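Morning, everyone. I have one structure to show you today, and I'll keep it short. Here it is.

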Amino acid sequence: MLLAVGGAFALGAGVAGYIAWRMDSAPETTEEPVQIADNTPADGAEPSPTPSASESAAAAEAVERVAEQQGGIDQRLAAAEQRLSRLDLQAQAAAGNVARAEGLLIAFATRRAVDKGAELGYLADQLRLRFGDALPNAVNTILTFSREPVTLDQLIFRLEGLAPSLQSGEGKPSLERFADELGSLFTIRRESAPSPQPQQRLERARLFLESGRPDSAVAEVRNLPGAVNAEGWLRDAERYASAQRALDLIETAAVLEPRRLRDGAGNRIEQPSPVEE
């Protein structure tokens, strides 16, 4: 047993020594150093990476998208500016139309006060402010008449009271009265012409007054034999007719006057009349 163990130990030692001898006798291999290429550009310039084809295409698409978005933003801004301009014009037109409507209401209220023979009050200031530049003569006529107002009912009532003296011609010189009486003996006229008889003239004058035609009523009364007895009535009737004409001008100007009207704050109405558009 001891001999077997000793032989095995000797055999293992021999094998180990042989292996160590083989390793020491193997030829040594020399490794050459690996050279790393230096791609650093000269003059201290930083290296620029070369993009691939896919990266270039993606960059181009991104630029196109940005350009499209920028173009869309510009278009939206232009459209917004156009809408703002339209809104501004619409606001100006609305303000001008409101001012014209207010002026027309002032004219209607003034006519109502004149027809009633009432004082104008604040309406006088509004007439001066809104229509003073456009129609100064018409405004002065209305204001002057309002200080001594005469109503249509008063004119009709006074005309009926003057009827006897207007038909008889009392107050005229005797020669003129005789000439009128002599001329009334024979009358030649067309069948369609209005009757020159004093009673018929008075009736027509009253109808003209009731229908709002004071000028025609004045013309009829002036042709009556006793027109000299109605000087006061004629003066008041002419004043009333002038005031009505001035009111017509004011109402028309509130709608059609292009430039010289003013609003309640005294600013000119630049917007043209919607009727003209």
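Start with the lining of the largest cavity: by class, five of its residues are nonpolar, one is polar and three are charged. Keep in mind that this is a predicted model. So who are these residues? Ala99, Arg100 and Gly103 are among them. Arg130 and Phe131 line the cavity too.

Two elements give two or more residues each: helix 2, residues 53-116, and helix 3, residues 122-131. As for volume, the largest cavity has about 30 Å³. And how many cavities of 30 Å³ or more does the structure hold? One.

Now stay with helix 3. Helix 3 packs against helix 4, which covers residues 136-147. The angle is about 175°, and the axes are 10 Å apart. An angle over 145 degrees counts as roughly antiparallel, so helix 3 is roughly antiparallel to helix 4.

What makes the contact? From helix 3, take Ala124, Leu127, Arg128 and Phe131. From helix 4, take Pro136, Val139, Ile142 and Leu143. By class, that contact has seven nonpolar residues, no polar ones and one charged.

Last stop, the loop between helix 3 and helix 4, where Asp133 sits. Asp133 forms a salt bridge with Arg262. Their closest N and O atoms are 2.7 Å apart. Where is Arg262? In the segment after helix 9, which spans 231-256. The pair links distant parts of the chain, 129 residues apart. Across the whole structure, the search finds 14 salt bridges.

That's my tour. Over to you.

Notes
Residues numbered from 1 in each chain as written. Predicted model: local features only at pLDDT ≥ 70, side-chain atom pairs only at ≥ 80, totals over all residues. Heavy atoms only, no water. 1 Å grid on protein atoms, 1.4 Å probe; cavity = no way out; pocket = protein on both sides within 12 Å on 5 of 7 lines; lining within 4 Å. Points joined across faces, edges and corners; volume = space filled by probe spheres on them. Helix = DSSP H or I, 4+ residues; strand = E, 2+ residues; numbered from the N terminus. Nonpolar A, V, L, I, M, F, W, Y, C, P; charged D, E, K, R; others polar. Axes fitted to C-alpha atoms, helices over the stretch in contact; angles between N-to-C directions. Parallel < 35°, antiparallel > 145°, perpendicular 65-115°, else oblique. Contact = heavy atoms within 4.5 Å. Salt bridge = Lys/Arg side-chain N within 4 Å of Asp/Glu carboxyl O.
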